[in-house]
Every structure is written in C-alpha cells, then in structure tokens.
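Visitor: Hi! Could you walk me through this structure in plain words?
Guide: Happy to, just ask away.

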Amino acid sequence: MSLLQLRDALVATGIPTYHFTASEEEPKYIVWLEEGERAYFRTADTHSMWADNEVAEQAISGVINYVTDEEYDGNVDLIQHVFRDIGLSYSLSSIEYNKQLQRIHYKCTFKMAIGENIYGEDND
C-alpha cells in the first residue's frame, strides 16, 4: 500500500479530506498526515527493511483526524471500516471535545508498510 492509496480510500468516504491542514472550516472533515518512518518490523532500532544495500520496505506512521459537529457521528464507524478494508494498522488514540469550536475531534494513529516508494502507485 502507498500513502496515495490511503488518501484515495479516505477521499472515497465522501467526507471532505485534506492533507496536513484543512483549507476550509467544514462541519465535518478529515485531515491526515504522515509523520515519518517507524519501527514496524519489531526489530530493535530498525525502521526499514534492507536488502542488497537498499531499502526494500519502509514503515511510515501518521495521524488521521476526523472533526465533526455531530455527537455519535456514524462517519467514525465508516472511517474505521475503511481502515479495516484496506488493512491499515491503526489505533483510535484520542477523542476530545473542543468547547470553543463545538467540535469533536477523533485522532487515529497509523503505521503501514509501504514497500520502497512512499507515494508510488506501484505498491501492493
């Protein structure tokens, strides 16, 4: 899987989706971002899998935020179904209410093995 495939899956939900920052103040929207390479392969101090002196597999971590003005919003379940459908390793790390903005903020962290190309379309 590539980060572009993750983006496409989020966009396919029909919820306005942004990368790094929301450009509009929608009542409901997704903002996702990659944070960097992380240990995915459970080996001490290893962030990438190397073969023949080059990176054969990287693991990227990031955050997917869903912001809504609706209590018990069904889109939360929809987004998590998308994660499971594409095989994304994720954790719902926080749910917070912003009283000033009157918005609920769901934060999911993810890790994904992406092959050798972060954005490449040729990854499986």
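Visitor: Which residues is Ile 15 in contact with, leaving aside its neighbours within four places in sequence?
Guide: Ile 15 is in contact with Leu 10, Lys 28, Tyr 29, Ile 30, Tyr 66, Asn 75, Leu 78 and Ile 79. Contact here means heavy atoms within 4.5 Å. Please keep in mind that this is a predicted model, where local features need pLDDT of at least 70, side-chain atom pairs count only at pLDDT 80 or more, and totals for chains, interfaces and linings use all residues. Residues are numbered from 1 along each chain as its sequence is written, and side-chain values use heavy atoms, with hydrogens and water left out.

Visitor: Is Ile 15 buried or exposed?
Guide: Ile 15 counts as buried because its relative accessibility is 8%. Buried means under 20% relative accessible area, exposed means over 50%, and partly exposed is in between (1.4 Å probe, protein chains only).

Visitor: And where in the chain is Ile 15?
Guide: Ile 15 is in the loop between helix 1 (3-11) and strand 1. Helices (H or I, at least four residues) and strands (E, at least two) are DSSP runs, numbered from the N terminus.

Visitor: How far is Ile 15 from Tyr 66?
Guide: In sequence they are 51 residues apart, and in space they are 9.4 Å apart, C-alpha to C-alpha.

Visitor: New topic: how many cavities of 30 Å³ or more does a search of the whole structure find?
Guide: The search finds one. The largest cavity holds about 60 Å³ of space. On a 1 Å grid over the protein atoms alone, a cavity is a set of points where a 1.4 Å probe fits but cannot get out, and lining residues have an atom within 4 Å of a point. Grid points are joined across faces, edges and corners, and a volume is the space filled by probe spheres set on the points.

Visitor: Which residues line the largest cavity?
Guide: They are Ile 64, Asn 65, Tyr 66, Val 76, Ile 79, Gln 80, Leu 92, Tyr 106 and Cys 108. Strand 4 (54-68), helix 2 and strand 6 (103-115) are the elements that give two or more residues to this lining. Tyr 66 and Ile 79, on the list of contacts of Ile 15, are part of the lining too.

Visitor: What about Gln 102, is it buried or exposed?
Guide: Gln 102 is exposed, because its relative accessible area is 53%. Gln 102 is found in the loop between strand 5 (89-98) and strand 6. Not counting residues up to four places away in sequence, Gln 102 touches Asp 69 and Tyr 97.

Visitor: What is the phi of Gln 102?
Guide: Gln 102 has a positive phi of about 55 degrees, although it is not a glycine. Most residues other than glycine have a negative phi. Phe 20, also not a glycine, has a positive phi near 75 degrees. Phe 20 lies in the loop between strand 1 (17-19) and strand 2 (29-37).

Visitor: Which elements have the lowest and highest mean pLDDT?
Guide: Strand 3 (residues 48-51) has the lowest, 52, and helix 2 (residues 75-86) has the highest, 97. pLDDT is the predictor's confidence in each residue, from 0 to 100. Where pLDDT is low, the predicted coordinates should not be read in detail. The protein chain has a mean pLDDT of 84, with 77% of its residues at 70 or more.

Conventions. 1 Å grid on protein atoms, 1.4 Å probe; cavity = no way out; pocket = protein on both sides within 12 Å on 5 of 7 lines; lining within 4 Å.
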